[in-house]
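Visitor: I'd like to learn how to read charged pairs in a structure. Could you walk me through it?

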Amino acid sequence: RPDATMEKWLASLPAERMEQLAGFGLIDEERAGAARKLANIVGDWRNVMEGRGRNRQHVRASFAMVSLIFRECGFKSINDITFPLVRNWLTMRKSDGKGLRRLNAHLVAAKSFCLWAVAEGILQANPLAGLVRYNEALDVRHKRRALVGDEPGRLLAATDKTGFHHGLSPQVRRLVYAVALGAGLRWSEI
């Protein structure tokens, strides 16, 4: 195992040089693969998620969040991903007024990517393992509440005047809303 100085030097090498060193048997194939362009590896992760049948919207959102973090942090190879830079990125976005729920979504996506990279042998350890999620209860952006008074009737009446939404016709949505209102369920619980 190389010492810290050698690790740093190896991490700074371009992918082509790493592949040459692996070809000579001086470093293992796993380390050479880590020098591949990060964008290509993130693309592979997206393809694996799609291949596993994950929800397309989830895959797109996760890919976009991870790509955004890595691009804005300036990461070019998988070895560039560091705890301090991602933590600083999150802190800057928080100071810009981004919600804690949104920041947690970015963090979870980035950590998921790193866990996948470890499982695939692309990373030896998860560089983001120590990052903890924000407490979303401290940053409530949309206070949830029950409909009161004439609001349920107005919701049902307004639904009749709209088009398709969430892939449902107004008539079907009206029925779903009526059941939800009667049972006290949220949209996500139906």
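**Reading the salt bridges**

Guide: Happy to! In this predicted model, a network of salt bridges joins Glu72, Arg93 and Asp96.

Visitor: What is the general idea behind such pairs?

Guide: Side chains of opposite charge can pair when their charged atoms come close.

Visitor: How many salt bridges does a search of the whole structure find?

Guide: The search turns up four. One of them is between arginine 93 and glutamate 72, with the closest N and O atoms 2.8 Å apart. This pair links distant parts of the chain: arginine 93 sits in helix 6 (residues 83-95) and glutamate 72 in helix 5 (residues 56-73), 21 residues apart.

Visitor: Is arginine 93 buried or exposed?

Guide: Arginine 93 is buried, because its relative accessible area of 15% is under 20%.

Visitor: Which residue forms a salt bridge with arginine 174?

Guide: That is aspartate 160, with 2.9 Å between the closest N and O atoms. Here too, distant parts of the chain are linked: arginine 174 belongs to helix 9 (residues 170-183) and aspartate 160 to helix 8 (residues 151-160), 14 residues apart. Arginine 174 is partly exposed, with a relative accessible area of 32%, and aspartate 160 also counts as partly exposed, at 41%.

How values were computed. Residues numbered from 1 in each chain as written. Predicted model: local features only at pLDDT ≥ 70, side-chain atom pairs only at ≥ 80, totals over all residues. Heavy atoms only, no water. Salt bridge = Lys/Arg side-chain N within 4 Å of Asp/Glu carboxyl O. Helix = DSSP H or I, 4+ residues; strand = E, 2+ residues; numbered from the N terminus. Buried < 20%, exposed > 50% of the residue type's maximum accessible area, 1.4 Å probe, protein only.
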